[in-house]
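The following report describes how two protein chains meet, moving from one partner to the interface and then to individual residue pairs. Please read it alongside the sequence and the coordinates.

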Amino acid sequence: MTAATGFLDVAMIIAFVALAAGQILSMVRLTLGPTTGDRILALDTMVINALGLVVLLGIYQGVQIYFEVSLLIAMLGFVSTVALARFILRGDIIE
Amino acid sequence: MSGEIIGTYAVAICLLIGAGFVTVGVIGLLKFNDPMTRLHAPTKVGTIGIGMLLLASMIHSFTFGQTSLHELLIMSFLFVTAPISANFIAKVNIHRRACETPPEPPRDDTWSTLNSPENGRSTSGDDAEKAA
């Protein structure tokens, strides 16, 4: 049992570090992205990484209350990506 | 007791797979050298990476304490919306001519993404004639 729990702790630390590094690297792409599509894509990736961080925090603390948070982040991330792309495409969000 | 150990190992392996796919996708987002190529990598973060993290969360709640299948809702929502947002970003790339412009369509004048009616009405002649 202790070996399994130790393995889970190590895996959780690795996942936290990977997601935090993913946030930093996609923020680099957001800063120096040459085109607008790259910036929208980097923002979308950052929202998805934030969703993963919230899910990981829920596993770490062993509670279920982060479900609503992650569902709201997923919905708002999709809507904001579509709104940004649509603003670039049409010059207007709701026609 | 044995089921708890197997569940713990399954959660850890799912977390490792998810972290690996997130890392690979974000490195691809940073290192590829073309906007359309860059669009390819982060879709793996959205589907397999986060899907594996949500699967780990489900197995964790199965193993310790109360069972919950809420995560299936987030997973299906992400799987449905990821291609839509990728399609929108690809249309933005075509619209801003950040990539190679696709060949002309066979019958129409131009792609609707590239059509800009305010710069001269010649690109959408039929509509302008009908309106006039």
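What percentage of the 132 residues of chain B count as buried? In this predicted model, the share of buried residues in chain B is 37%.

**Chain B**

Chain B has 5 helices and 0 strands, so that, under the DSSP assignment of helices and strands, its elements read α-α-α-α-α from the N terminus on. When contacts in chain B between residues at least 6 apart in sequence are considered, 44% of them join residues at least 24 apart.

**The interface as a whole**

How many residues of chain A are in contact with chain B, and how many of chain B with chain A? The contact involves 48 residues of chain A and 52 residues of chain B. The area buried between chain A and chain B is about 4300 Å², and carbon and sulfur atoms give 82% of that area. Polar interactions are also found there: across the interface of chain A and chain B there are 4 residue pairs in polar contact, both residues being at pLDDT 80 or more.

On the side of chain A that touches chain B, helix H1 (2-32), helix H2 (36-61) and helix H3 (66-90) of chain A each supply at least two residues. The largest share of this side, 16 residues, comes from H1(A). By residue class, the side of chain A that touches chain B divides into 31 nonpolar, 13 polar and 4 charged residues.

**The salt bridge**

Across the interface of chain A and chain B, 1 salt bridge is found, and the structure likewise holds 1 salt bridge over all chains. The partners are Asp38(A) and Arg38(B), whose closest N and O atoms are 2.3 Å apart. Because Arg38(B) lies in helix H2 (residues 35-40) of chain B and Asp38(A) in helix H2 of chain A, the pair joins two chains.

Are Arg38(B) and Asp38(A) buried or exposed? Arg38(B) has a relative accessibility of 5% and therefore counts as buried, and Asp38(A), with a relative accessible area of 1%, is buried as well. Both assignments follow because buried means under 20% relative accessible area.

**Aromatic pairs**

Over all chains the structure holds 3 aromatic pairs, and two of them are described here. A pair of aromatic rings is described by the distance of the centres and the angle of the planes, and the table gives these values.

| Pair | Centre to centre | Angle between planes | Arrangement |
|---|---|---|---|
| Phe7(A) and Tyr9(B) | 5.5 Å | 45° | tilted |
| Phe78(A) and Phe77(B) | 6.3 Å | 90° | edge-to-face |

Why does the pair of Phe7(A) and Tyr9(B) join two chains? Phe7(A) lies in helix H1 of chain A, whereas Tyr9(B) lies in helix H1 (residues 2-31) of chain B, so the pair joins two chains. Phe7(A) counts as partly exposed at 29% relative accessibility, and Tyr9(B) is partly exposed with a relative accessible area of 33%.

For the other pair in the table, the centres of the Phe78(A) and Phe77(B) rings are 6.3 Å apart and the planes stand at 90°, so the pair is edge-to-face. This pair also joins two chains, because Phe78(A) lies in helix H3 of chain A and Phe77(B) in helix H4 (residues 71-95) of chain B. Phe77(B) is partly exposed, its relative accessible area being 21%.

**Two further contact residues**

Leu16(B), which is found in helix H1 of chain B, counts as partly exposed at 29% relative accessibility. When residues up to four places away in sequence are not counted, Leu16(B) touches Phe7(A), Ala11(A) and Ile14(A), and one of these, Phe7(A), is also a member of the tilted aromatic pair with Tyr9(B).

Notes
Residues are numbered from 1 along each chain as its sequence is written. Chains are lettered from A and ligands numbered from 1 in the order in which they are written. This is a predicted model: local features need pLDDT of at least 70, side-chain atom pairs count only at pLDDT 80 or more; totals for chains, interfaces and linings use all residues. Side-chain values use heavy atoms; hydrogens and water are left out. Contact means heavy atoms within 4.5 Å. Buried area is the accessible area (1.4 Å probe) that two parts lose on being put together, summed over both. A salt bridge is a side-chain nitrogen of Lys or Arg within 4 Å of a carboxyl oxygen of Asp or Glu. A polar contact is a pair of N or O atoms within 3.5 Å; within protein, one must be able to donate a hydrogen and the other to accept it, and residues adjacent in sequence count only if both atoms are side-chain atoms. Helices (H or I, at least four residues) and strands (E, at least two) are DSSP runs, numbered from the N terminus. Ala, Val, Leu, Ile, Met, Phe, Trp, Tyr, Cys and Pro count as nonpolar, Asp, Glu, Lys and Arg as charged, and the others, Gly among them, as polar. Rings of Phe, Tyr and Trp (its six-membered ring) pair if their centres lie within 6.5 Å; planes under 30 degrees apart count as stacked, over 60 as edge-to-face and the rest as tilted. Buried means under 20% relative accessible area, exposed over 50%, partly exposed in between (1.4 Å probe, protein chains only).
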